[in-house]
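Please look over the sequence and the structure, and then read the points below by topic.

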Amino acid sequence: MLKPRIVYFQQHIAAGAAEEYFYLLMDGLNKNRFHVVFLCPKDVTLDPLADKLEKSGIAVYRYLIDSNHMLLIWRLKKTFLNLKPDLIHFNDPC
């Protein structure tokens, strides 16, 4: 049986309470029942969180933030198509 794939998507480069919440959610999921992925911008601000997640067995994918929004949308679309998530948890600070 294939495990459902849950992608936690982070769009901003802040690291604070929301990111700690994300960590607690992802770390608390049963890894035998779910395949958990964290998708976030490639930025040094998020490196400590990404490292902590990888150490707890969660796959981390990073994407480059680009001022060309169309290119960014295309890259994210391609990433989501490759990841094939069953569920996307999107956390938007706005």
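**Strand β1 and the overall picture**

Five of the six residues of strand β1 are buried, so β1 is largely enclosed by the rest of the structure. The model described here is predicted. Its protein chain contains three helices and four strands, and from the N terminus on these elements follow the order β-α-β-α-β-α-β.

**Overall dimensions**

- The protein chain has a radius of gyration of 13 Å, which agrees with the value near 12 Å that a compact globule of 94 residues would have.
- Along the principal axes, the C-alpha atoms of the protein chain fill a box of roughly 40 × 30 × 25 Å.
- Of the 94 residues in the protein chain, 31% are buried.
- Among the contacts in the protein chain with a separation of 6 or more, 65% are between residues 24 or more positions apart.

**The sheet**

- Four strands form an open sheet in the order β3-β2-β1-β4, and their pairing is parallel.
- The edge strands are β3 (59-63) and β4 (87-91), each of which pairs on one side only.
- From one strand to the next, the twist averages 20°.
- Strands β1 and β2 are paired in the parallel sense over five bridges, and R5 stands opposite H35 in β2.
- Strands β2 and β3 also run parallel and are joined by five bridges.
- F38 has V60 as its bridge partner in β3.
- In a regular strand, side chains alternate between the two faces of the sheet.

**Helices against the sheet**

- Helix α2 (residues 47-55) packs on the sheet, where it touches β2 and β3. The direction of helix α2 makes about 150° with that of β3.
- Helix α3 (residues 69-83) lies across β1, β2, β3 and β4. Relative to β1, helix α3 runs at about 160°.

**Aromatic pairs and a charge over a ring**

- A pair of aromatic rings is described by the distance of the centres and the angle of the planes.
- The model has five aromatic pairs.
- One of them joins Y8 and F22 in an edge-to-face arrangement, with 5.3 Å centre to centre and 75° between the planes.
- Because Y8 lies in strand β1 (residues 5-10) and F22 in helix α1 (residues 17-28), this pair ties together parts that are 14 residues apart in sequence.
- Both Y8 and F22 are buried.
- F22 also forms an edge-to-face aromatic pair with F38, at 6.0 Å centre to centre and with 90° between the planes.
- This second pair links distant parts of the chain, with F22 in helix α1 and F38 in strand β2 (residues 35-41), 16 residues apart.
- F38 is buried, as is F22.
- One aromatic cluster is formed by F9, Y63, F80 and F90.
- The charged end of K52 sits over the ring of Y23, at 4.2 Å from the ring centre.

- F22 is placed in helix α1.
- The relative accessibility of F22 is 0%, and F22 therefore counts as buried, since the cut-off for buried is under 20%.
- Which residues are in contact with F22, leaving aside its neighbours within four places in sequence? They are Y8, F9, Q10, F38, H89 and N91.
- F22 and P85 are 63 residues apart in sequence, and their C-alpha atoms are 17 Å apart in space.

- Where is K84 placed? K84 is in the loop between α3 and β4.
- Is K84 buried or exposed? With a relative accessibility of 63%, K84 counts as exposed, because exposed means over 50%.
- The phi angle of K84 is near 50°, which is a positive value in a residue other than glycine.

How values were computed
Residues are numbered from 1 along each chain as its sequence is written. This is a predicted model: local features need pLDDT of at least 70, side-chain atom pairs count only at pLDDT 80 or more; totals for chains, interfaces and linings use all residues. Side-chain values use heavy atoms; hydrogens and water are left out. Rings of Phe, Tyr and Trp (its six-membered ring) pair if their centres lie within 6.5 Å; planes under 30 degrees apart count as stacked, over 60 as edge-to-face and the rest as tilted. Helices (H or I, at least four residues) and strands (E, at least two) are DSSP runs, numbered from the N terminus. Buried means under 20% relative accessible area, exposed over 50%, partly exposed in between (1.4 Å probe, protein chains only). A charge sits over a ring if NZ of Lys or CZ of Arg is within 6 Å of the ring centre and within 35 degrees of the ring normal. Two strands pair if DSSP finds at least two bridges between them. Axes are lines fitted to C-alpha atoms, for helices over the stretch in contact, and angles run from 0 to 180 degrees between N-to-C directions. Contact means heavy atoms within 4.5 Å. The radius of gyration is taken over C-alpha atoms; the globule rule is 2.2 Å times the number of residues to the power 0.38.
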